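Please look over the sequence and the model shown here before reading the report that follows.

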Amino acid sequence: MVKHIILWTLNPELTEEEMQTVKAGIKEGLEGLVGKVPGLIDVKVQINGRLSSSTADLMLDCTLENEEALKGYAQHPEHLAVANTKVRPFTVQRSCLDYAF
């Protein structure tokens, strides 16, 4: 099994209302990939409850079958569609941690 964890910082020029809309869109888009991307077992996008000590605005936590599934996920057309329309246009920083367990 593989964990794929991403932390994003949203564009600070977004209004609070825009940030909430963007977060909801990212959550809906990425969590909707389960059952569409081979080897993708679980997706959780954390958008609420952020404490003031945080340095990121939202988190993606994916579980995949193996490293090969992670590579497939990264290139899957439905994942790329979400990334290119709901994530990348609105984020300014991305950190990734992938690990096997």
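How many nonpolar, polar and charged residues does the lining of the largest pocket have?

## The largest pocket

In this predicted model, the lining of the largest pocket is made up, by class, of 10 nonpolar, three polar and three charged residues. The pocket holds about 280 Å³ of space, and of the 16 residues that line it, those closest to its centre are His 4, Ile 6, His 79, Arg 88 and Arg 94.

At least two lining residues come from each of S1, H2, H3 and S4, and H3, with four residues, supplies the largest share.

## Helix H2

Helix H2, which spans residues 67-75, has Ala 69, Leu 70 and Tyr 73 as its buried residues. Seen down the axis of H2, these buried residues fall within an arc of 105°, so they line one face of the helix. The face turned away from that buried side carries the exposed residues Glu 67, Glu 68 and Gln 75.

The buried residues of H2 pack against several elements, among them strand S1 (2-10), helix H1 (16-31) and helix H3 (77-87).

## Asp 57

Asp 57 is placed in the loop between S2 and S3. Because buried means under 20% relative accessible area, Asp 57, at 14% relative accessibility, counts as buried.

The side chain of Asp 57 reaches the backbone nitrogen of Leu 10 at 2.6 Å, and, leaving aside neighbours within four places in sequence, Asp 57 is in contact with Trp 8, Thr 9, Leu 10, Lys 23 and Arg 50.

How values were computed:
Residues are numbered from 1 along each chain as its sequence is written. This is a predicted model: local features need pLDDT of at least 70, side-chain atom pairs count only at pLDDT 80 or more; totals for chains, interfaces and linings use all residues. Side-chain values use heavy atoms; hydrogens and water are left out. Buried means under 20% relative accessible area, exposed over 50%, partly exposed in between (1.4 Å probe, protein chains only). The arc is that of the directions from the helix axis to the C-beta atoms. Contact means heavy atoms within 4.5 Å. A polar contact is a pair of N or O atoms within 3.5 Å; within protein, one must be able to donate a hydrogen and the other to accept it, and residues adjacent in sequence count only if both atoms are side-chain atoms. On a 1 Å grid over the protein atoms alone, a cavity is a set of points where a 1.4 Å probe fits but cannot get out, and a pocket is an open set with protein on both sides within 12 Å along at least five of seven lines; lining residues have an atom within 4 Å of a point. Grid points are joined across faces, edges and corners, and a volume is the space filled by probe spheres set on the points. Ala, Val, Leu, Ile, Met, Phe, Trp, Tyr, Cys and Pro count as nonpolar, Asp, Glu, Lys and Arg as charged, and the others, Gly among them, as polar.
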